[in-house]
Amino acid sequence: MRAGPNSRSASAGRRTRVHVVSDVHGNTEALARAGDGADALVCLGDLVLFLDYADHSRGIFPDLFGVENADRIVALRTERRFEEARDFGRELWAGLDRNAAIVAAVRKQYAEMFAALPTPTYATYGNVDIPGLWPEYAGPGTTVLDGDRVEIGGRVFGFVGGGLRTPMRTPYEISDEEYAAKIEAVGPVDVLCTHIPPEVPELTYDTVARRFERGSRALLDAIRRTRPRYALFGHVHQPLARRMRIGDTECVNVGHFASTGRPWALEW
C-alpha cells in the first residue's frame with residue numbers, strides 16, 4: 001500500500017479534505033479548479049470526450065463526422081439499436097485509419113487534462129480511457145492506481161478502474177473475472193473508489209439514456225463483505241439514485257462532473 005502525503009497531518013489532529021470527480025469528459029476548465037481547497041483530488045476516470053450525449057457538437061466523433069451524424073448515432077444507441085449503430089459507424093470510418101485518428105484526438109485531450117490536474121491527484125481509468133497512454137501524460141503529482149490501495153489522511157483508499165464488457169465496446173472494458181480479481185486484490189479499505197457502480201438497479205439505470213449501464217456484482221459483494229465507509233463511483237451520468245446505503249456503506253455517484261463542474265467533497 002502506498003502512503004499519501006497527508007497521513008501525518010491527520011494523526012496530528014488536522015482535518016483532511018478530499019475532492020472526488022468522475023466522468024470529466026473534456027471539462028478541462030473545471031478540472032483545473034477541482035482541487036481548490038482540498039488536500040488531494042481523486043479522479044475516477046473517463047477523461048476522454050468521444051461524444052457528448054447532451055451536446056452533440058462536442059467530442060471526437062462530431063469533430064470528425066459532423067453534428068448530423070452525431071445526432072443519428074446517439075439516436076440509434078439510445079434506442080438500443082447497437083448493430084445498426086455499429087454498421088453506421090463502419091460506413092463513416094471506411095477508408096480512414098480509425099485507431100490513428102482516435103489516438104491523436106485522445107492525446108490532445110490528455111495533454112490538456114493531465115496538465116490541469118492538481119498535486120496530489122490519485123486517479124484510475126474509466127471505460128472510455130486508454131490506459132496505455134496515461135504514463136506519457138501523468139506527471140509526478142499524479143498517482144495512477146488500478147487494483148491498488150493508498151493512504152490519504154490516515155484513511156485507506158482502494159481503486160479499481162475500467163468497466164465491464166458491453167455492446168458499446170469502449171476502450172477499457174474487461175471481463176467480469178478480471179474485474180473481480182482487481183476488487184479482491186484491493187481488499188478491505190475505508191473508501192472504495194471505482195469507475196463503475198455496484199450492480200444495484202437504482203445506481204445503474206441512466207434516466208436520460210434510458211438504459212441500464214453495467215454495474216459490478218463483485219463490487220456489490222465486496223461492499224457487503226468488507227463494509228467500507230464509502231463506495232465512490234461514476235459512469236452513470238443521470239442515475240435514479242445518486243446515493244444510497246448498502247449495509248454500513250454510503251454509496252455515492254460522483255459522475256456528474258462534466259455537466260456540473262463541481263467535485264464531491266469528503267472531509268474527516
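This is a predicted model: local features need pLDDT of at least 70, side-chain atom pairs count only at pLDDT 80 or more; totals for chains, interfaces and linings use all residues.
Tyr110 is buried, and Phe114 is buried as well.

How are the two rings arranged, by distance and by angle? A pair of aromatic rings is described by the distance of the centres and the angle of the planes. For Tyr110 and Phe114 the centres are 5.5 Å apart and the planes stand at 80°, so the pair is edge-to-face. These two residues also belong to one aromatic cluster, together with Tyr125, Trp134, Tyr137 and Tyr172.

The count of aromatic pairs comes to 12. Another of them is formed by Phe65 and Trp93, edge-to-face, with 4.9 Å from centre to centre and 85° between the planes. Phe65 has a relative accessibility of 14%; the cut-off for buried is under 20%, so Phe65 counts as buried. Trp93, at 7%, is likewise buried.

I return to helix H6, where Arg98 is also found. Arg98 has a relative accessibility of 42% and counts as partly exposed. Between the C-alpha atoms of Arg98 and Lys108, 10 residues apart along the chain, the separation is 16 Å.

Let me turn to the backbone. Most residues other than glycine have a negative phi, and most peptide bonds are trans. Where does this chain depart from that pattern? The peptide bond from Thr119 to Pro120 is cis, its omega being near 0°. Pro120 is located in the loop between H6 and strand E4, residues 121-123.

Two arginines are also to be mentioned here. Arg210, although not a glycine, has a positive phi of about 60°. Its loop runs between strand E11 (205-206) and strand E12 (211-212), and Arg210 is exposed, with a relative accessible area of 53%. Arg227, again not a glycine, has a positive phi of about 50°. This residue is placed in the loop between helix H10 (217-226) and E13, and at 54% relative accessibility Arg227 counts as exposed.

Strand E13, residues 230-233, contains Ala231. Is Ala231 buried or exposed? At 3% relative accessibility, Ala231 counts as buried. Which residues does Ala231 contact, leaving aside its neighbours within four places in sequence? They are Leu192, Ile223, Thr249, Glu250, Cys251 and Val252. As for Thr249, 18 residues separate it from Ala231 in sequence, and the C-alpha to C-alpha distance is 6.7 Å.

Finally, the chain as a whole. The chain has 11 helices and 16 strands. Its radius of gyration is 18 Å, close to the 18 Å that the globule rule gives for 268 residues, so the chain is as compact as a globular protein of that length. Along the principal axes, the C-alpha atoms fill a box of roughly 60 × 35 × 30 Å. Of the 268 residues, 53% count as buried. Among contacts with a separation of 6 or more, 59% are between residues 24 or more positions apart. The accessible surface is about 12000 Å², and carbon and sulfur atoms account for 48% of it. The chain carries 33 positive and 36 negative charges, whose mean positions are 4 Å apart.

Conventions. Residues are numbered from 1 along each chain as its sequence is written. Side-chain values use heavy atoms; hydrogens and water are left out. Helices (H or I, at least four residues) and strands (E, at least two) are DSSP runs, numbered from the N terminus. The radius of gyration is taken over C-alpha atoms; the globule rule is 2.2 Å times the number of residues to the power 0.38. Buried means under 20% relative accessible area, exposed over 50%, partly exposed in between (1.4 Å probe, protein chains only). Contact means heavy atoms within 4.5 Å. Accessible areas come from the Shrake-Rupley method with a 1.4 Å probe; for residues, only the protein chains shown count as cover. Lys and Arg count as positive and Asp and Glu as negative; His and the chain ends are not counted. The place of a charge is taken as NZ of Lys, CZ of Arg, CG of Asp or CD of Glu. Rings of Phe, Tyr and Trp (its six-membered ring) pair if their centres lie within 6.5 Å; planes under 30 degrees apart count as stacked, over 60 as edge-to-face and the rest as tilted.
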